[in-house]
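Subject: A structure to look through

Dear colleague,

I am passing on the structure that you will be working with, and below it I have written out what was found. Please keep the model open beside this message while you read.

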Amino acid sequence: MIKQWAEYVRTHDDREWSRQQNRLIDSQLQSANDMAAAGDTDPVRFAAARDRLRDR
């Protein structure tokens, strides 16, 4: 994966991949904020949800 990412960065404009990274990070932060606002930040529940996803 690291080699693929390095190749992508070398072959694409800095502004393009920077914009894409920004969208990804913003969406992760928004999800974390939404979870916190909904009270879904209980570590035990989070771990259980993570494990369910991992088992798919």
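**Helices**

Helix 3, which covers residues 43–54, has 12 residues and reaches 16 Å from its first C-alpha to its last, close to the 16 Å expected at 1.5 Å a residue. Helices here, like strands, are DSSP runs numbered from the N terminus, a helix being H or I with at least four residues and a strand being E with at least two, and the expected span of a helix is 1.5 Å times one less than its number of residues.

Before going further, please note that this is a predicted model, in which local features need pLDDT of at least 70 and side-chain atom pairs count only at pLDDT 80 or more, while totals for chains, interfaces and linings use all residues. Residues are numbered from 1 along each chain as its sequence is written, and side-chain values use heavy atoms, with hydrogens and water left out.

Helix 3 is hardly covered, since the count of buried residues among its 12 residues is 0; buried means under 20% relative accessible area, exposed means over 50%, and partly exposed is in between, with a 1.4 Å probe and protein chains only.

For helix 2, the 24 residues should span 34 Å at 1.5 Å a residue, and this agrees with its end C-alpha atoms, which are 34 Å apart. The N-terminal end of helix 2 is capped by Asp 13, a side-chain oxygen of which lies 3.1 Å from the backbone nitrogen of Arg 15. After helix 2 comes Gly 39, whose phi is positive, near 80°.

**Aromatic rings**

How many aromatic pairs does a search of the whole structure find? The search finds 2 aromatic pairs, where rings of Phe, Tyr and Trp (its six-membered ring) pair if their centres lie within 6.5 Å, and planes under 30 degrees apart count as stacked, over 60 as edge-to-face and the rest as tilted. The rings of Trp 5 and Tyr 8 have their centres 5.7 Å apart and their planes at 20°, so this pair is stacked. Both Trp 5 and Tyr 8 lie in helix 1 (residues 2–11), where they are 3 residues apart, about one turn of the helix.

Trp 5 also forms an aromatic pair with Trp 17, and this pair is edge-to-face, with 5.8 Å centre to centre and 85° between the planes. Because Trp 5 lies in helix 1 and Trp 17 in helix 2, the pair ties together parts that are 12 residues apart in sequence. Trp 5 is partly exposed, with a relative accessible area of 34%, and Trp 17 is partly exposed as well, with a relative accessible area of 22%.

**Salt bridges**

A salt bridge is counted when a side-chain nitrogen of Lys or Arg is within 4 Å of a carboxyl oxygen of Asp or Glu, and by this rule the count comes to 4 salt bridges. In one of them, the side chains of Arg 10 and Glu 7 meet at 3.0 Å, N to O. Arg 10 and Glu 7 are separated by about one helical turn, because they are 3 residues apart in helix 1. Arg 10 counts as exposed, at 61% relative accessibility, whereas Glu 7 is partly exposed, with a relative accessible area of 38%.

In helix 3, Arg 54 and Asp 51 lie 3 residues apart, about one turn of the helix, and their side chains meet in a salt bridge of 3.6 Å, N to O. Salt bridges that share partners join Arg 50, Asp 51 and Arg 54 into one network. Within it, Asp 51 forms a salt bridge with Arg 50, the closest N and O atoms being 3.2 Å apart. Asp 51 counts as partly exposed at 31% relative accessibility, while Arg 54 counts as exposed at 56%.

**A separation to look at**

Finally, Thr 11 lies in helix 1 and counts as partly exposed, at 48% relative accessibility. Thr 11 and Phe 46 are 35 residues apart in sequence, and their C-alpha atoms are 38 Å apart in space.

Key
A polar contact is a pair of N or O atoms within 3.5 Å; within protein, one must be able to donate a hydrogen and the other to accept it, and residues adjacent in sequence count only if both atoms are side-chain atoms.
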